[in-house]
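Thanks for coming. I have one structure to go through today, so please have the sequence and the coordinates open.

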Amino acid sequence: MTTLASIFFHCLVAFSSLYYSSATDTLTPTQSIRNGSTLVSSGQSFELGFFSPGLSKNQYLAIWYKKFPDIVVWIANREKPVKDSHAILNISSTGNFVIFDGENNTVWSSNSSRAAKNPVAQLLDSGNFVVRDKDTEDTKSYLWESFDFPSDTQLPGMKMGWNLKTGISRHLTAWNDVHDPSPGDFKYRIDNIGLPQLFLYEEMKKRFRTGPWNGIRFSGVPSQQNTFIKNVFVDTTEELYIKYEVKDNSLISRIMVNESGLLQLLVLYGNSSEWSVMYTLQNDLCDDYARCGPNGICSINTSPICECLTGFLPRLQEWHVLNWTGGCVRTPLDCQKGEGFVKLGNVKLPDLLEFKLNKRLNLKECRAECLKNCSCTAYANSDISNGGSGCLMWFGNLIDIREFIEGESEQDIYIRMPASELRSRVDKEDLEFPLFDFVTIASATNNFSNSNKIGEGGFGLVYKGELFNGQEIAVKRLSSNSQQIVEEFKNEVVMIAKLQHRNLVRLLGYCIERDERMLI
């Protein structure tokens, strides 16, 4: 038998729904929302109410665009739907949301840890649904807000990351499918191990990675001149997050991860009704996590797209039939004198799996620290702003490196090389000069006799000589005690070649045979 209390409750709900037939943006403890009644933000941008997705009959409390009711941007009770058509939303006297089904069973509640004296809920024109005390509108005084609990969509001003004081993690989770908005397999979030990185996970498997924050941007996201969108990154003792802001008020935008794991920025221009894709983070095959396996590098502008890093060879024969998952290997480093590094520019830095971070060291100090440890395989600046600072060192395999075209990235990494590899490596793109053999130079300088010595350079002696064709030359021969590595030597070759001055001799070539490094 229906009780008088139940009859009174449903009559009150019916009265409330009639009240909300005229649009409002607020809800108080004496009011309710049920199926068919909604809140509408003051600028008519967003609407909040109950809906049933696709072919489902379940009901969910959600927020959608007022002009585009099919585009849902937030759901409260994703994992706890109302199974009948009589869903009801109330706000308690302390400021908690409660969703009831038709039999007055509690299906979902917000469980806010803070209480309000005079609570009011409000749907803002940003799409944020907040609870505050009626007498204050200070954003810092919100007792609860939907922006702290994203669904599959990030709106402008919504933070993605961590509130380190409360432990709240704000991340995107795709729907299970178009009929079921419960959390699916794909999740997009910030991980803060060493340096912050954004990851797209499929369950526990990494599918995409932005690369670590390098003081300017995430190293795996190309530099883009975007006049519409501004990214804001915050890393303090209290908060770690990234959000985006829209510079053009006529632009409507959202970032969404769909049930297939595609992460896109979608925009709507002016009075258009067609959404456009401004960018997709998984833009090409090189964005797939570890596409080229351990110690491989992916470059979308080469064919094939995967290559082994300099000094490495394919681990498996399948590499030559475009199966790159096995990655690349090399002879273990032996920490012998003469080891050094090869610079690799315009890259997404490797994943931070086995690494060490020291923000106090500069790049030169970082190199020295890496050389001290036989297990250190690479190093880089952890922050490239203001000329570069900080030290990142990797140990073990280098995973998920990709190369960008010039201008898309300012990030460099230095890969460790054995002395034998450095001696034999010649970068023909940088050194387009004749390579002289040792015998020719020794003969020209009378076996580097003292009578041919004409001075000393920064790293060794300088000799005069004469080639077999009668051409007079000067030879700068690096000292065997010099710590200059092949990379530095080649940089000097390139620098001298670019200098044109009447008081400078012209560079004819170089020699790096045996253990020698000579400029001719």
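A cut-off to begin with: a residue counts as buried under 20% relative accessible area, as exposed over 50%, and as partly exposed in between. Lys-243, at 18% relative accessibility, is therefore buried. Its salt-bridge partner is Glu-245, with the closest N and O atoms 3.9 Å apart. Glu-245 has a relative accessible area of 32%, so that residue is partly exposed.

Before more detail, a word on confidence. This is a predicted model. The protein chain has an average pLDDT of 86, and 86% of the residues score at least 70. Over residues 426–430 the pLDDT is below 50, and that stretch has five contacts in the model beyond near neighbours in sequence. Residues 1–22 also stay under 50, with 21 contacts beyond four places in sequence.

Back to the charged pairs. How many salt bridges are there by this rule? The count comes to 16. One of them joins Lys-343 to Asp-412, where the closest N and O atoms are 3.7 Å apart. This pair links distant parts of the chain: Lys-343 sits in strand S29 and Asp-412 in the loop between strand S34 and S35, 69 residues apart. Lys-343 is partly exposed at 44% relative accessibility, and Asp-412 is partly exposed at 23%.

Another pair is Glu-369 with Lys-372, at 3.1 Å between the closest N and O atoms. Both are in helix H2, residues 363–372, and are three residues apart, about one turn of the helix. Glu-369 is partly exposed at 30%, while Lys-372 is exposed at 64%. There is also a network of salt bridges that links Asp-148, Lys-159, Arg-170 and Glu-239.

Leaving out neighbours within four places in sequence, Glu-145 contacts Asn-128, Phe-129 and Val-130.

Next, Tyr-244, in strand S21, residues 239–246. Is Tyr-244 buried or exposed? Tyr-244 is buried, at a relative accessible area of 2%. Beyond four places in sequence, the residues touched by Tyr-244 include Pro-156, Ile-229, Ile-255 and Leu-265. The Tyr-244 side chain also reaches the backbone nitrogen of Arg-254 at 3.4 Å.

On to strand S35, residues 413–417. Five of its five residues are buried, so the strand is largely enclosed by the rest of the structure. Ile-413, Ile-415 and Met-417 point one way, and Tyr-414 and Arg-416 point the other way. S35 runs antiparallel to S29, joined by five bridges, and Phe-341 has Arg-416 as its bridge partner. S35 also pairs with S32 in the antiparallel sense over two bridges, where Tyr-379 partners Tyr-414.

Last, an open sheet of five strands with antiparallel pairing, in the order S36-S37-S38-S40-S39. S36 and S39 stand at the edges with a single partner strand each, so one side of each has no neighbour in the sheet. S38 and S40 are joined by two bridges, and Arg-477 stands opposite Met-518 in S40.

Notes. Residues numbered from 1 in each chain as written. Predicted model: local features only at pLDDT ≥ 70, side-chain atom pairs only at ≥ 80, totals over all residues. Heavy atoms only, no water. Contact = heavy atoms within 4.5 Å. pLDDT = per-residue confidence, 0-100. Helix = DSSP H or I, 4+ residues; strand = E, 2+ residues; numbered from the N terminus. Buried < 20%, exposed > 50% of the residue type's maximum accessible area, 1.4 Å probe, protein only. Polar contact = N/O pair within 3.5 Å; in protein donor to acceptor, adjacent residues only side chain to side chain. Pairing = 2+ DSSP bridges. Salt bridge = Lys/Arg side-chain N within 4 Å of Asp/Glu carboxyl O.
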